[in-house]
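This briefing is intended for a reader who is new to protein structure. Please keep the sequence and the model in view while reading.

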Amino acid sequence: ASSFARMFVQVCLYFYCRCLWRCLKFVVRKLTGQCELQRICYNTKPGAARTMKIEASLKGSKSKRLQTSVNVHPDAIEKTIDDIMELKRINPDINPQLGVSLQACLLQIVGYRNLIAEVEKLRREPYDSENPQHEEMLLKLWKCLKPNSPLKARISKQWCEIGFQGDDPKTDFRGMGLLGLYNLVYFAEWDTEIAQQVLTDSLHPKYSKTWQYLDFNYFFFLSQLSKAEWEKKKFDKAIGYSFAIVGINITDLAYNLLVSGALKTHFYNVAPEAPTLTHFQQTFCYLMHEFHKFWIDEDPLDIMEFNRVREKFYKRILRQLQNPEMALCPHFAASESLINM
């Protein structure tokens, strides 16, 4: 009975707040002479803050036409803007900037949805060693990472040198499909210097700087370690990891950030219009670089701590993305035209 009463109260509160909110919107429109979409576009600077408010406003509208406007084909966006202006009784000649702002927002919203579909398609496509394009990409990965070490054979122990588990890398792509390979190749081809440095560090971890600052606190820390921990820590050397396997794992992390909607903040801030696969791959490069630094800073006892470190890193990125002004890698912004929208 108590649970039923609680549910009844919650339902009443929901409908009360919903009606109250609609009444408040009506009053504000009468007072300002502007609908909610106008107020958002005129009072919120372009980027994630504006686009996410527009998206919420359209999805929460009582009009089906407005609700479905976030799911239209990119080619239909201009007509959709005309429909919105007509439905809201907004004169486009008097409010020309509104149409431009709404178009930019809808391009981002629709583009994000289409990007999820594109990424999902790559994730579901398995690596096929009989496909020449797949094989070509795999060999390109080797050449970019190990340009001075020719691959002696397609099936070779050499693959372990860049972090695969066995003689044939195709088995390691099962979890993320072609998406894992696409990301690794992009990182190795377009961020070559950093990718090669991360690979080198993963194979030969740098000695930690703590021995350079031997003080009482550090010796006290050592005294608290068990014998087993001391054996692992006595050289104070960072633990390495398998570059390619971690790259596939970070692809999974980036994929989860994308499909959960967490990356909307980043993409709406760096992509002036529709975010593309390139934006996603650039984000992967950033995450790889940042995870590598995070791993070294965490200084895990062994590789068995990978899941703990990964989860901690994932939570840190999520916290960063809660800031509506956050851009994980702002230097990847494709255009300055966002300022004028």
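In which helix do E120 and R124 both lie, and how many residues apart are they? Both residues belong to helix α6 (residues 96-124), where they are four residues apart, about one turn of the helix. The model discussed here is predicted. It contains 15 helices and zero strands.

**The protein as a whole**

- Of the 341 residues in the protein, 43% are buried.
- Among contacts with a separation of 6 or more, 70% are between residues 24 or more positions apart.
- The protein exposes about 19100 Å², and carbon and sulfur atoms supply 57% of this area.

- Side chains of opposite charge can pair when their charged atoms come close.
- A search of the whole structure finds 18 salt bridges.
- E120 counts as buried, at 15% relative accessibility, whereas R124 counts as exposed, at 62%.
- Helix α5 (residues 77-87) holds K79 and D83, which are likewise four residues apart, about one turn of the helix.
- K79 and D83 form a salt bridge whose closest N and O atoms are 3.2 Å apart.
- K79 is exposed, with a relative accessible area of 55%, while D83 is partly exposed, with 24%.
- An α-helix has 3.6 residues a turn, so residues three or four places apart point the same way.

**A salt bridge between two helices**

- R308 forms a salt bridge with E298, and the closest N and O atoms are 3.2 Å apart.
- This pair links distant parts of the chain, with R308 in helix α15 and E298 in helix α14, 10 residues apart.
- Both partners are partly exposed: R308 has a relative accessible area of 38%, and E298 has a relative accessibility of 21%.
- A network of salt bridges links E298, E305, R308 and K312.

**Helix α15 and its buried side**

- Helix α15 (residues 306-321) has 16 residues and reaches 22 Å from its first C-alpha to its last, close to the 22 Å expected at 1.5 Å a residue.
- Its buried residues are F306, V309, R310, F313, Y314, I317 and L321.
- These residues lie on the same side of α15 because they cover an arc of only 135 degrees around the axis.

Definitions and conventions: Residues are numbered from 1 along each chain as its sequence is written. This is a predicted model: local features need pLDDT of at least 70, side-chain atom pairs count only at pLDDT 80 or more; totals for chains, interfaces and linings use all residues. Side-chain values use heavy atoms; hydrogens and water are left out. The expected span of a helix is 1.5 Å times one less than its number of residues. Buried means under 20% relative accessible area, exposed over 50%, partly exposed in between (1.4 Å probe, protein chains only). The arc is that of the directions from the helix axis to the C-beta atoms. Contact means heavy atoms within 4.5 Å. Accessible areas come from the Shrake-Rupley method with a 1.4 Å probe; for residues, only the protein chains shown count as cover. A salt bridge is a side-chain nitrogen of Lys or Arg within 4 Å of a carboxyl oxygen of Asp or Glu.
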